[in-house]
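Welcome! Here is a short briefing to read alongside the structure, with the ligand site as its topic.

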Amino acid sequence: MPEYQENSIVQKIDRLAETLYRLTLRAPLIAAAARPGQFVMATCGPTLDPLLRRPFSIHRCSGPETIQLLIRVIGRGTELLARCRPGESVSLIGPLGRGFRLPAPTTPVCLVGGGIGIAPLLFWADRLDAPERCAVLLGSRTGEELTELTAAFSQLGCRVETATDDGSLGHHGLVIDLLIPHLTTVSKVYACGPHPMLAAVAAACRSARVPCEVSLEAHMACGLGACLGCTVPGADGRYLHVCKNGPVMAAEEVAWNR
Ligand SMILES: Cc1cc2nc3c(=O)[nH]c(=O)nc-3n(C[C@H](O)[C@H](O)[C@H](O)COP(=O)(O)OP(=O)(O)OC[C@H]3O[C@@H](n4cnc5c(N)ncnc54)[C@H](O)[C@@H]3O)c2cc1C
Ligand code: FES
């Protein structure tokens with residue numbers, strides 16, 4: 001699959017919540033090649049500090065030549081990206097990694113996103129044949145973080161349910177609580193979020209015998225399979241590289257308890 005190094009141009013930046021930003025970038029080569037679940041490695045800021053690129057899921061291909069990134073500010077790199085202004089350049093390498101595998105057409109599916117793990121799921125919902133047969137379960141700390149995202153999935157025709165830690169929107173509790181009732185009706189689950197959430201989703205799907213794909217997060221220095229910094233233990237005893245074997249993997253490929 002093609003991978004490019006492309007100097008994207010910032011077109012727009014929207015603040016969706018206190019620490020959540022959506023960056024719209026003109027990146028025609030990457031936009032044309034991207035598949036849902038893939039990611040880019042982005043430079044952060046105009047100087048060599050920070051030196052390393054940071055990985056970000058492709059949130060959406062918002063036009064034939066543009067991609068969007070959903071950025072949660074947690075450190076220096078993400079803070080610099082959130083401060084970008086229209087017209088500035090952000091160097092990207094991508095699209096990288098293995099994305100989600102398409103289900104059979106019109107199969108009922110469930111997308112489960114926790115926190116910033118919601119980022120790749122909107123691009124996935126965009127490409128589903130039958131979004132009206134897709135239940136989207138979104139979990140976050142507060143309702144503020146989910147307002148725009150919920151609306152975007154609903155506009156596609158998906159059925160959206162929410163769970164928040166503070167009870168400010170939807171179910172007061174964990175997103176996994178929302179998944180259990182769906183497991184009798186859906187044929188496949190796709191999940192992205194923090195590791196404990198993914199482990200719980202994988203266990204619930206295994207018990208219900210529902211196939212599940214997970215998009216994993218790991219610290220990444222290169223994103224290209226060269227530094228071996230992004231390994232997770234595989235169920236077969238070998239190590240998997242999140243950047244090359246994933247980030248999307250079948251849940252049964254991962255050793256969740258190690
Ligand atoms: C495949 C993939 C896709 C990702 N997609 C997105 C996305 O769409 N949007 C988004 O906002 N973020 C995403 N991330 C996470 C993002 O890459 C990190 O938040 C970012 O690199 C942090 O950079 P920083 O310079 O701001 O923070 P740093 O200064 O590097 O780190 C700040 C703190 O956060 C911790 N940290 C850094 N990276 C991670 C991580 N991956 N997991 C847990 N803790 C971490 C550090 O240990 C440190 O304590 C993704 C990561 C991966 C691997
Ligand atoms: S990030 Fe370097 S090998 Fe995966």
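A polar contact is a pair of N or O atoms within 3.5 Å. With that cut-off in hand, here is one such pair: an N or O atom in the side chain of Thr 78 is 2.5 Å from an oxygen atom of ligand 1. Please keep in mind that this is a predicted model.

**Polar contacts with the ligand**
- Thr 78 reaches an oxygen atom of ligand 1 through its side chain, at 2.5 Å.
- Pro 55 uses its backbone instead: an N or O atom there lies 2.6 Å from an oxygen atom of ligand 1.
- Glu 217 has a polar side-chain atom 2.9 Å from a nitrogen atom of ligand 1.
- On its own, ligand 1 exposes 900 Å², and the protein buries 73% of that.

**The pocket and its shell**
- Ligand 1 takes up the space of the largest pocket.
- Around ligand 1 there are 18 residues, and the closest are Arg 54, Pro 55, Leu 70, Gly 77 and Thr 78.
- Sorted by class, this shell holds 9 nonpolar, 5 polar and 4 charged residues.

**Where the shell comes from**
- The biggest share comes from β4, which gives 4 residues.
- Both domain 1 (4–96) and domain 2 (109–253) take part, with at least three residues of the shell drawn from each.

Methods: Residues numbered from 1 in each chain as written. Chains lettered and ligands numbered in written order. Predicted model: local features only at pLDDT ≥ 70, side-chain atom pairs only at ≥ 80, totals over all residues. Heavy atoms only, no water. Near = heavy atom within 4 Å. Polar contact = N/O pair within 3.5 Å; in protein donor to acceptor, adjacent residues only side chain to side chain. Areas by Shrake-Rupley, 256 points an atom, 1.4 Å probe, with all protein chains shown as cover. 1 Å grid on protein atoms, 1.4 Å probe; cavity = no way out; pocket = protein on both sides within 12 Å on 5 of 7 lines; lining within 4 Å. Sits in = over half its atoms within 2 Å of the grid points. Helix = DSSP H or I, 4+ residues; strand = E, 2+ residues; numbered from the N terminus. Nonpolar A, V, L, I, M, F, W, Y, C, P; charged D, E, K, R; others polar. Domains from an automatic or database assignment.
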